[in-house]
Amino acid sequence: MVGVMLVANDYFAIEADTFSKPAGGSQPGSGEPQGSGWFRTFTIAAYKPYFDVDTSDIIDRLKESLFPFRGTFTEKTATNPDLYGPFWICTTLIFVAASIGTFVTYIAHKLKKKEWDYDINLVTWSAGVFYGYVTVVPLILYVILKYFSAPSGLVQLFCLYGYSLFVFIPALCLSVVPLEIFRWVIAGVAGFMSATFVALNLKAHINSAGERWFLIVTGIFLLQLALAVVLKLYLFTVTV
Amino acid sequence: MSISHSDTIPLRPSNSQSDIDEIRSLIDDSVHSGPAVVLPARHPATTPPPSSSPFISSNIPPPPPVSSSSSLQKLQSVPAAPPPPPPVGNSSSIVANGFGPPPNTLTEPVLDTVKRDLWRIVSNLKLVVFPNPFREDPGKALRDWDLWGPFFFIVFLGVALSWSASVKKSQVFAVAFALLAAGAVILTLNVLLLGGHIIFFQSLSLLGYCLFPLDVGALICMLKDNVVAKVIIVCLALAWSSWAAYPFMSSAVNPNRKALALYPVLLMYLSVGFLIIAID
């Protein structure tokens with residue numbers, strides 16, 4: 001609710017501007033409604049540049065994420081990384097994961113004529129996994145890259161990881177088919193595509209600076225694969 | 001007559017009642033005593049010198065001699081207002097008079113307040129959920145927004161879902177309430193970040209009112225337990241909710257970003273609809 005108060009604060013700050021004309025300009029914040037240094041992180045205006053995208057831009061970036069072998073994503077988003085894509089892709093993923101997972105267990109229980117109850121923990125668990133993954137892993141990567149003196153902007157990393165999760169949406173939708181082998185194949189392909197996307201785009205960036213790039217790139221590749229496997233195991237392992 | 005009358009009016013101590021109240025009570029007195037007390041208009045230059053009897057026109061009786069010059073200025077600005085209709089003795093009537101403090105909603109009966117709020121909720125609901133493209137005043141719902149309606153609808157949806165759940169009832173209510181409340185806030189922030197122009201609480205209010213069709217759907221699903229029927233009802237309710245929310249959301253942003261603002265609304269209503277179907 002901090003966001004609420006500070007949005008309202010922004011609104012009222014503009015109101016206060018019109019009412020309190022400074023006598024001799026003695027009031028410090030009356031000209032710019034931005035406030036002092038650290039407080040800026042809580043205003044909306046500080047994040048607006050990361051949402052400066054049109055519908056066509058977003059669709060372009062989504063299509064780009066489906067072709068992992070091109071490796072051109074980072075160039076395209078270097079000047080205008082957006083946070084809209086990552087946030088809403090994660091949210092959509094949570095919804096799709098929860099609904100598909102619920103549907104799969106429902107069908108499995110009904111086929112065996114067993115009792116079924118809606119498991120609300122699916123929603124909370126998948127929210128934790130997806131939001132946590134997209135927030136924590138880029139942060140750690142940012143720190144590691146800085147240590148190895150190949151700095152990348154934090155927002156670019158968020159953007160990269162967010163769009164890399166997009167391929168899981170069709171994969172989850174396809175996993176409704178009740179064949180175990182088919183589900184493993186889908187999970188494998190999606191994980192591989194997503195991991196290659198992240199790895200190739202990062203490699204293009206850090207290849208220029210530094211020794212250990214191979215280690216880092218393989219590390220994140222494996223991490224993304226691990227995510228795919230965890231998803232498959234948790235959401236689609238049905239014990240009836 | 002009235003001048004001598006005013007001469008015998010005892011001076012009230014000025015600190016116990018404001019000057020405006022004085023004038024108001026005098027108007028009350030004069031009206032109750034009869035409308036025959038009328039002062040002919042007088043030009044200030046021809047009135048006898050005392051600064052304490054200012055110029056007042058038409059059928060308003062002169063105020064008592066005032067002590068401060070600021071109230072003198074107030075009184076001189078007072079004649080510019082048209083004479084008010086005689087105030088009725090009932091304090092609960094809403095009379096728009098140019099004099100005195102605004103109608104006192106603190107002293108009206110509670111039933112009046114509740115009726116007024118309920119009436120506002122109903123009228124906002126009609127404007128938001130049954131949009132009529134030919135209505136005279138399209139912006140009315142936006143101006144008269146309130147938060148009681150949305151609060152009631154969100155709680156009702158949570159209670160309906162919690163009622164139909166067979167296990168973990170309180171957890172279901174918590175998730176539904178948090179999803180709807182946080183969802184409304186996030187949707188509004190999304191529009192603001194995309195460069196749209198809406199007022200924060202107005203948008204919360206509208207999104208809350210657009211939940212009404214889903215409320216109806218949840219109520220029907222609570223009573224009827226067939227899965228196929230539930231799916232159909234929820235789909236209809238979903239379509240209605242989205243159709244109601246579409247004009248407000250799409251007009252708030254740049255046309256290039258319309259889909260970016262609308263997609264999250266659709267997602268939120270879809271997830272609520274899914275919760276309604278899944279809880280049994």
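Colleague: Hi! Which helix does D215(B) lie in?
Modeller: D215(B) sits in helix α9 of chain B, residues 212-223. Helices here are DSSP runs of H or I with at least four residues, strands are runs of E with at least two, and both are numbered from the N terminus. Keep in mind that this is a predicted model, where local features need pLDDT of at least 70, side-chain atom pairs count only at pLDDT 80 or more, and totals for chains, interfaces and linings use all residues. Residues are numbered from 1 along each chain as its sequence is written, chains are lettered from A and ligands numbered from 1 in the order in which they are written, and side-chain values use heavy atoms, leaving out hydrogens and water.

Colleague: Is D215(B) buried or exposed?
Modeller: D215(B) is buried, yet it has no salt bridge. Buried means under 20% relative accessible area, exposed means over 50%, and partly exposed is in between, using a 1.4 Å probe and protein chains only. A salt bridge needs a side-chain nitrogen of Lys or Arg within 4 Å of a carboxyl oxygen of Asp or Glu.

Colleague: Which side chain of opposite charge is nearest to D215(B)?
Modeller: That is K230(B), 15 Å away. For charges, Lys and Arg count as positive and Asp and Glu as negative, while His and the chain ends are not counted.

Colleague: And what is D215(B) in contact with, apart from its neighbours within four places in sequence?
Modeller: F153(B), F156(B) and L157(B). Contact means heavy atoms within 4.5 Å.

Colleague: Back to K230(B). Which residue does K230(B) form a salt bridge with?
Modeller: K230(B) pairs with D225(B), and their closest N and O atoms are 3.7 Å apart. K230(B) is buried at a relative accessible area of 4%, whereas D225(B) is exposed at 57%.

Colleague: How many salt bridges does the structure hold over all chains?
Modeller: Seven. One joins R116(B) and E108(B), with N to O at 2.5 Å. R116(B) is partly exposed, with a relative accessible area of 34%, and E108(B) counts as buried at 9%.

Colleague: What about E64(A), which side chain does it meet in a salt bridge?
Modeller: E64(A) meets K76(A), at 2.9 Å from N to O. The pair links distant parts of the chain: K76(A) is in helix α3 (residues 73-77) of chain A and E64(A) in helix α2 (residues 55-65) of chain A, twelve residues apart. K76(A) is exposed, at 52% relative accessible area, and E64(A) is buried, at 3%.

Colleague: New topic: how much area do chain A and chain B bury between them?
Modeller: About 2,700 Å², with 72% of it on carbon and sulfur atoms. Buried area is the accessible area (1.4 Å probe) that two parts lose on being put together, summed over both. On the contact side, 29 residues of chain A touch 35 residues of chain B.

Colleague: How many salt bridges are found across the interface of chain A and chain B?
Modeller: Two. R257(B) forms one with D54(A), the closest N and O atoms being 2.9 Å apart. A network of salt bridges links D52(A), D54(A) and R257(B).

Colleague: How many helices and strands are there in chain A?
Modeller: Chain A has nine helices and zero strands, and chain B comes to eleven helices and zero strands. Buried residues make up 42% of the 240 residues in chain A, and 39% of the 280 residues in chain B.

Colleague: Which regions of chain A carry the "transmembrane region" annotation?
Modeller: The unreviewed UniProt entry gives residues 86-108, 128-145, 157-178, 184-202 and 214-235 of chain A. Those positions follow the numbering used here, feature names are shortened, and annotations may be inferred rather than shown by experiment. In the model, residues 128-145 of chain A are 100% helix and 0% strand, with end C-alpha atoms 25 Å apart. Residues 157-178 of chain A are 68% helix and 0% strand, with end C-alpha atoms 35 Å apart.

Colleague: Last one: what is the mean pLDDT of chain A?
Modeller: The mean is 78, and 81% of the residues of chain A reach 70 or more. pLDDT is the predictor's confidence in each residue, from 0 to 100.
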